[in-house]
Amino acid sequence: MGRPLRPEVGAAVRLGEAPPATDAAVELRLKSLYYGDFRAVRDTDLTIRRHSVTALIGPSGCGKSTVLRSINRMNDLVRGFRLDGEVRFRGRDVYGKGVDPAAVRRGIGMVFQQPNPFAMSVARNVAFGLRLNGVRGGLDDKVEQALRGAALWDEVKDGLHKSALALSGGQQQRLCIARAIATEPEVVLMDEPCSAIDPVATLKIEELIAALKAKYTIAIVTHNLQQARGPGESTRPEPVATPISCARRASAGCPTRAGLGDSRRRRRSRPDARPPRGGRGRGSRPAGAWGAAR
Ligand SMILES: Nc1ncnc2c1ncn2[C@@H]1O[C@H](COP(=O)(O)OP(=O)(O)O)[C@@H](O)[C@H]1O
Ligand SMILES: [Mg+2]
């Protein structure tokens with residue numbers, strides 16, 4: 001066969017109208033994304049509209065997470081990752097010369113598939129990014145605001161100094177959302193945020209995603225288009241669901257993980273397995289020089 005997966009998937013899932021160019025929060029023009037010699041994604045263009053929920057869909061292994069993580073340079077943490085193309089945010093290519101990846105991540109936050117609270121209190125989890133960014137004053141208020149924004153405040157307000165690890169899976173994921181929005185990013189990336197939690201907790205997060213859209217721009221990897229749309233939103237503008245082009249030939253078994261490095265190497269190189277660092281990546285310049293939070 002040798003066809004890219006995109007045309008037929010795209011025909012089935014393209015929802016809604018093409019966004020006006022000025023409405024773009026992030027624009028991706030990706031020729032290739034590589035892990036070492038392995039070309040994981042090819043020829044993927046995507047415009048993420050402001051205050052919308054954009055769903056990245058496609059079969060398992062086709063590169064959804066790879067594309068999502070490339071938006072805020074999380075893949076920089078994976079050895080051998082290489083991008084050919086550009087990701088435009090705030091008028092610049094985030095992979096451009098002199099751009100600080102830490103500054104990019106302040107503007108584009110991320111929530112992972114597995115809730116990954118740090119082994120510290122609820123409050124410290126939420127304040128983590130703020131502290132990293134040098135915020136000292138008004139932390140309590142900012143923590144409360146973020147927890148309210150993540151629809152978690154009422155459940156944790158009496159246990160702010162208890163360990164985040166004692167929360168349920170769904171609460172942990174909302175805590176991770178609170179942590180992501182505490183620094184007031186413009187865009188929040190979510191990689192299958194409900195795949196590891198129960199249906200009731202999923203419902204809460206779906207409602208939350210629909211509400212967050214008013215303040216943030218969301219890009220989400222999901223198998224559930226209703227999740228992208230949000231409950232009760234069927235009459236509102238539809239999300240744009242974007243299929244990802246798998247670089248592997250369909251006949252070679254695109255959705256499989258054949259031909260990969262061993263699983264231990266993959267686990268070690270999972271970017272969500274580590275707490276974020278304030279450090280700079282290649283070709284960086286001082287934090288805050290570009291892309292500081294609004
Ligand atoms: N750290 C990595 N090293 C090497 N290959 C990887 C790594 N992460 C993902 N891949 C491979 O890249 C392809 C796309 O993976 P991924 O983006 O996780 O797919 P999806 O999220 O759509 O399931 C798959 O073939 C996957 O096995
Ligand atoms: Mg994935």
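Helices, of at least four residues, and strands, of at least two, are taken here as DSSP runs numbered from the N terminus. The exercises below concern a predicted model.

**Exercise 1. Determine how many helices and strands the protein has, and describe its burial and contacts.**

Solution. Counting the runs gives ten helices and nine strands. Finally, consider the contacts with a sequence separation of 6 or more: 78% of them join residues 24 or more positions apart.

**Exercise 2. State what the pLDDT of the protein averages, and identify stretches where pLDDT stays under 50.**

Solution. The average pLDDT is 77, and 69% of the residues score at least 70. One stretch with pLDDT below 50 covers residues 1-20, which have 36 contacts in the model beyond near neighbours in sequence. Residues 231-240 also stay under 50, and here the model has 21 contacts beyond four places in sequence. Where pLDDT is low, the predicted coordinates should not be read in detail.

**Exercise 3. Characterise the packing of helix H4 against helix H7.**

Solution. Two packed helices are described by the angle between their axes and the distance between the axes. For H4 (residues 122-132) and H7 (residues 169-182), the angle is about 30 degrees and the axes are 7 Å apart. Angles under 35 degrees count as roughly parallel, so H4 and H7 are roughly parallel to each other. Their crossing is right-handed. On the H4 side, the contact is made by Val122, Asn125, Val126, Ala127, Phe128, Gly129 and Leu130. The H7 side contributes Leu175, Ala178, Arg179 and Ala182. Sorted by class, the residues of this contact are eight nonpolar, two polar and one charged.

**Exercise 4. Ala151 and Glu192 each have a positive phi although neither is a glycine. Locate each residue and decide whether it is buried or partly exposed.**

Solution. Begin with Ala151, whose phi is about 55 degrees. Ala151 belongs to the loop between helix H5 (139-149) and helix H6 (153-156). Its C-beta neighbours inside 10 Å number 17, and Ala151 therefore counts as partly exposed.

Glu192 is in the loop that runs between strand S7 (187-191) and helix H8 (199-212). The cut-off for a buried residue is 20 or more other C-beta atoms within 10 Å. Glu192 has 20 such neighbours and so counts as buried.

Methods: Residues numbered from 1 in each chain as written. Chains lettered and ligands numbered in written order. Predicted model: local features only at pLDDT ≥ 70, side-chain atom pairs only at ≥ 80, totals over all residues. Contact = placed C-beta atoms within 7 Å. pLDDT = per-residue confidence, 0-100. Axes fitted to C-alpha atoms, helices over the stretch in contact; angles between N-to-C directions. Parallel < 35°, antiparallel > 145°, perpendicular 65-115°, else oblique. Left-handed = near helix turned anticlockwise from the far one by under 90°. Nonpolar A, V, L, I, M, F, W, Y, C, P; charged D, E, K, R; others polar. Buried ≥ 20, exposed ≤ 12 C-beta atoms within 10 Å, placed from the backbone.
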